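Q: I have a structure open and would like to go through it piece by piece. Can you help me find my way around?

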Amino acid sequence: MNKQYRTLLEAIESKNAVLGVVGLGYVGLPLAVEMVKKGFKVVGIDLDASKIDKIYRGESYIHDISPETLVEVMGTGRFKPTADYASLREIDAISICVPTPLSENQDPDTSYIVTVVDQIKRYMKKGVLITLESTTYPGTTEELIQRELEALGHVVGEDFFLCFSPERVDPSNTKFNTFNTPKVIGGTTEACLALGNALYSKYVETVVPVSSPKVAEMSKLLENTFRSVNIAFINEMAMMCDRMGIDIWEVIDAAKTKPFGFMPFYPGPGIGGHCIPLDPMYLSWKAKGFRFYSQFIELAQSTNDNMPYYVVNKTSKILNEYAKSIKKSNILILGMAYKPDIADLRESPALEVYELYKDSGAAVEYYDPHASSFRDKNGVTVYSVQYDLEKFKSYDCIVLVTNHSSLDYGAIAHLGVPIVDTRNAFRDFRLPHIYKIGHSVQHVLQQDEALIVG
């Protein structure tokens, strides 16, 4: 191994290496905090000046990082958040944690990665270790980083070291965090992998080395495509059960008693977050370059994308039972975040459900104890209503989209307002005005009539 390798390895082992995290969002900030906790000096770079200001004020904008933790980390004097890319000059190892959205045509948007690479080319320190964590298609690390730096005359494995290690962040997960979630990592060369493994082992409990960046990139896409396909399958089963008058939730509860060969997935109003709605499309897009067309991925995406329409159509049928239509009805959406107990609205199906109700002529409001506002498709800021059970009684329909744990389901259930439950959150309340997805409206009415007669 050359001098650059030995120098960086020694700096990592002694924790004298200066680490850098580019992108201080849901992935980058928790990563930077963990690095500081383990004794490293860390430079955090983000072009959003408001994030930098909040960090210095001790105000956390990430659910999993408490203000107290942020203040403690800043108090060490080893965390330097900045919007200045010139700080790359002092960084020995860079972790890139920038967004990788999809374009309007459902193609990968790697512009954030390209921007970071342009800055690395300008300011990089010789012998730097670069690790891409942003989820993307297989080949990105080599195509967008290695080739660009080699075009300037730098030799990978000698002048710079390059790895890919996919993020595995699950917001609000109280069991798994940055430290104890196993970390897959693939290096472009043997030296790259050895350095990446040495570094991540300092602040991640378990590191899983693989043979190349492409394998690491593909592993992330496999994880989330697996979830996307299985969620789509259970969503389709829910719609089937709705048509057949069978309760999908009871079916799942029965099936999951099998101690082998079955893993429960649950239906919902759609899929949200940065990973599941986007990652499979990265894989599908890349596969087309090899003239391979994944029917599973495309079908799963289509099925999951149609769930908000299914929810709205079901609402229409329910309101019809009360001699009402969606048009001019007052509808309250409970929960706007994409998953329980967080404020994250990224790709939340509730946003699509909201727009579909509006397009149908309904007067729509929402309540979310975590997400206080969002921008609709016209750029108008929509604010959460206050929690007021008396006011909730005035709505024609309440639609539970996100099952936050702080909601008083008992109190809401007994308001007497028709409820569309997309998460089986009201499972403990068998009342005639509560309707679940995956269970037909007519079948519920027949069951209620039978109970009354009995």
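Q: Let's start with M240, where is its place?
A: M240 lies in helix 8, residues 213-244. Helices here are DSSP runs of H or I with at least four residues, strands are E runs of at least two, and both are numbered from the N terminus.

Q: Before we go on, what kind of model is this?
A: This is a predicted model, in which local features need pLDDT of at least 70 and side-chain atom pairs count only at pLDDT 80 or more, while totals for chains, interfaces and linings use all residues. Residues are numbered from 1 along each chain as its sequence is written, and side-chain values use heavy atoms, with hydrogens and water left out.

Q: Which residues make the nonpolar surface patch?
A: M240, M244, I246 and V251 make a nonpolar surface patch of about 330 Å². Patch residues have over 30% relative accessible area and no salt bridge; nonpolar side chains (Val, Leu, Ile, Met, Phe, Trp, Tyr) are joined within 5 Å, and like charges within 9 Å. The areas come from the Shrake-Rupley method with a 1.4 Å probe, and for residues only the protein chains shown count as cover.

Q: How many salt bridges does a search of the whole structure find?
A: The search finds 23 salt bridges. A salt bridge here is a side-chain nitrogen of Lys or Arg within 4 Å of a carboxyl oxygen of Asp or Glu.

Q: What do the side chains of E90 and K41 do?
A: The side chains of E90 and K41 meet in a salt bridge, at 3.8 Å from N to O. This pair links distant parts of the chain, 49 residues apart: E90 is in the loop between strand 3 (79-82) and strand 4, and K41 is in strand 2 (residues 41-45). K41, K80 and E90 are linked in a network of salt bridges.

Q: New topic: how many residues of strand 5 are buried?
A: In strand 5 (residues 128-132), 5 of its 5 residues are buried. Both faces are covered, with V128, I130 and L132 on one side and L129 and T131 on the other.

Q: Which sense does strand 5 pair in with strand 4?
A: Strand 4 (residues 93-96) and strand 5 pair in the parallel sense over 4 bridges. Pairing requires that DSSP finds at least two bridges between two strands. A93 stands opposite L129 in strand 5. From strand 4 the chain crosses through helix 5 (residues 111-123) to strand 5, in a right-handed β-α-β crossover. Right-handed means that, with the strands pointing away from the viewer, the path from the first strand over the helix to the second runs clockwise.

Q: What joins strand 5 to strand 6?
A: Strand 6 (residues 160-164) runs parallel to strand 5, and 5 bridges join them. The bridge partner of V128 in strand 6 is F160. A right-handed β-α-β unit is made by strand 5, helix 6 (residues 140-150) and strand 6.

Q: What about helix 10? How many of its residues are buried?
A: Helix 10 (residues 279-288) is mostly covered, with 8 of its 10 residues buried. Among them are M281, Y282 and L283. The buried residues pack against helix 6, helix 8 and helix 11 (295-305), where contact means heavy atoms within 4.5 Å.

Q: Last one: which residues does K51 touch?
A: Leaving out residues up to four places away in sequence, K51 touches L24, G25, D46 and Y61. K51 is found in helix 3 (residues 49-57).

Key
Buried < 20%, exposed > 50% of the residue type's maximum accessible area, 1.4 Å probe, protein only.
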